[in-house]
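Subject: Structure for you to look at

Hello,

Here is the structure I promised to hand over. Please open it next to this email and follow along.

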Amino acid sequence: VTPVIASPLPIIPLPVQAERAEGAFALHDSLAIRYKTELRKEAELLAAGIENATGIKPQLVDEKLRIALRNHIDLSISENEAKEAYTLEVSPKGVKIIGSDAAGAFYGAQSLLQLIPLEGEQSIPACSIKDSPRFGWRGMHLDVGRHMFDVKDIKKFIDWLAFHKMNTFHWHLTEDQGWRIEIKKYPKLTEVGGYRAS
C-alpha cells in the first residue's frame, strides 16, 4: 500500500497540497451529486464530465431537499479561502468539494474528473487536496485571424482550457489579414475588412 500512497496524483496543474490515503471511492450507478443551490451549473458540468468518462449518469440533488444519499459527491462553498481556491476530500465513503466561490468549486470538480482512471476500475483514489491558483490570469491564445478553425474545434479548445483550470481565453479575431467575426450591425467589417487587396 505504501508505494501507492506515495505516488503523485495525476492532476494538472500540480496542486498546492495533495496527499493520498488508503482506499478509493467507487463510482456506482446510484451515484448522486448533492450541491449548494447556487452551484447548480457546476453540478451539471460535473455530472456531464462523470457520464462522459464512465457512462454513469449521476443524480443531481439540491441540498435543500435533505435526501439521505449513500454514494454521493458534495459540492459546496466556504468563502474563507482565496479566490478560485478549493478543497477536495475523497474517502471510500464519499467525496467533498468545497470551493471558495463558484470558480473554486468548478476547479475542484475538474481535479476530481482528472482522478477518474481512463480504464480499469471505476473508482477515485482516496486523497486530500488543497489548491489555489498561483496566478490570477491563466490562459491561452487562439489566433483565427490567420488560421481558420471549425466551431467544434474552438469549443473543444475552450473545454480543455477549463479542464486544466485556465480562466482566460484570448481570442484573436482581427488581424491585418482580415476581420474574422461577423457583427450584423456593422456588415462592412467583414464585407470590406475581411479581405486584403493583395
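Is lysine 152 buried or exposed? Lysine 152 counts as exposed, because its relative accessibility is 57% and the cut-off for exposed is over 50%. Keep in mind that this is a predicted model.

Lysine 152 has a partner. It forms a salt bridge with aspartate 153. The closest N and O atoms of that pair are 3.4 Å apart. Aspartate 153 counts as partly exposed, at 34% relative accessibility.

Now the other salt bridges. The structure holds seven.

One is formed by glutamate 84 and arginine 138. Their side chains meet at 2.8 Å, N to O. Where do these two residues lie? Glutamate 84 is in the loop between β4 and β5 (86-91). Arginine 138 is in the loop between β7 (123-131) and β8 (139-143). The pair therefore ties together parts that are 54 residues apart in sequence. Both glutamate 84 and arginine 138 are buried.

The other is formed by glutamate 44 and arginine 40. Here the closest N and O atoms are 2.9 Å apart. Both residues lie in helix α2, four residues apart, which is about one turn of the helix. Here is the background. An α-helix has 3.6 residues a turn, so residues three or four places apart point the same way. Glutamate 44 is partly exposed, with a relative accessible area of 30%. Arginine 40 is partly exposed too, at 37%.

Next, helix α2 itself. It runs over residues 40-54 and has 15 residues. From its first C-alpha to its last it reaches 21 Å, close to the 21 Å expected at 1.5 Å a residue.

Which residues of α2 are buried? They are Glu42, Ala43, Leu46, Ala47, Gly49, Ile50 and Thr54.

What covers the buried residues of α2? The cover includes the strands β2 (32-35), β3 (59-62), β4 (72-77) and β6 (94-99). It also includes helix α3 (102-115). Just after α2 comes glycine 55, which takes a positive phi of about 90 degrees.

Stay with α3 for a moment. How do α2 and α3 pack? Their angle is about 10 degrees, and their axes are 10 Å apart. The two helices are therefore roughly parallel to each other, since angles under 35 degrees count as such. From α2, the residues Glu42, Leu45, Leu46, Gly49 and Ile50 take part in the meeting. From α3, their counterparts are Ala102, Phe106, Ala109, Leu112 and Leu113.

One last stop is lysine 64. Its place is in the loop between β3 and β4. Lysine 64 is exposed, because its relative accessible area is 63% and exposed means over 50%. Now find lysine 36. Lysine 64 and lysine 36 are 28 residues apart in sequence. In space they are 7.9 Å apart, C-alpha to C-alpha.

Best wishes

How values were computed
Residues numbered from 1 in each chain as written. Predicted model: local features only at pLDDT ≥ 70, side-chain atom pairs only at ≥ 80, totals over all residues. Heavy atoms only, no water. Expected span 1.5 Å × (residues − 1). Buried < 20%, exposed > 50% of the residue type's maximum accessible area, 1.4 Å probe, protein only. Contact = heavy atoms within 4.5 Å. Salt bridge = Lys/Arg side-chain N within 4 Å of Asp/Glu carboxyl O. Axes fitted to C-alpha atoms, helices over the stretch in contact; angles between N-to-C directions. Parallel < 35°, antiparallel > 145°, perpendicular 65-115°, else oblique.
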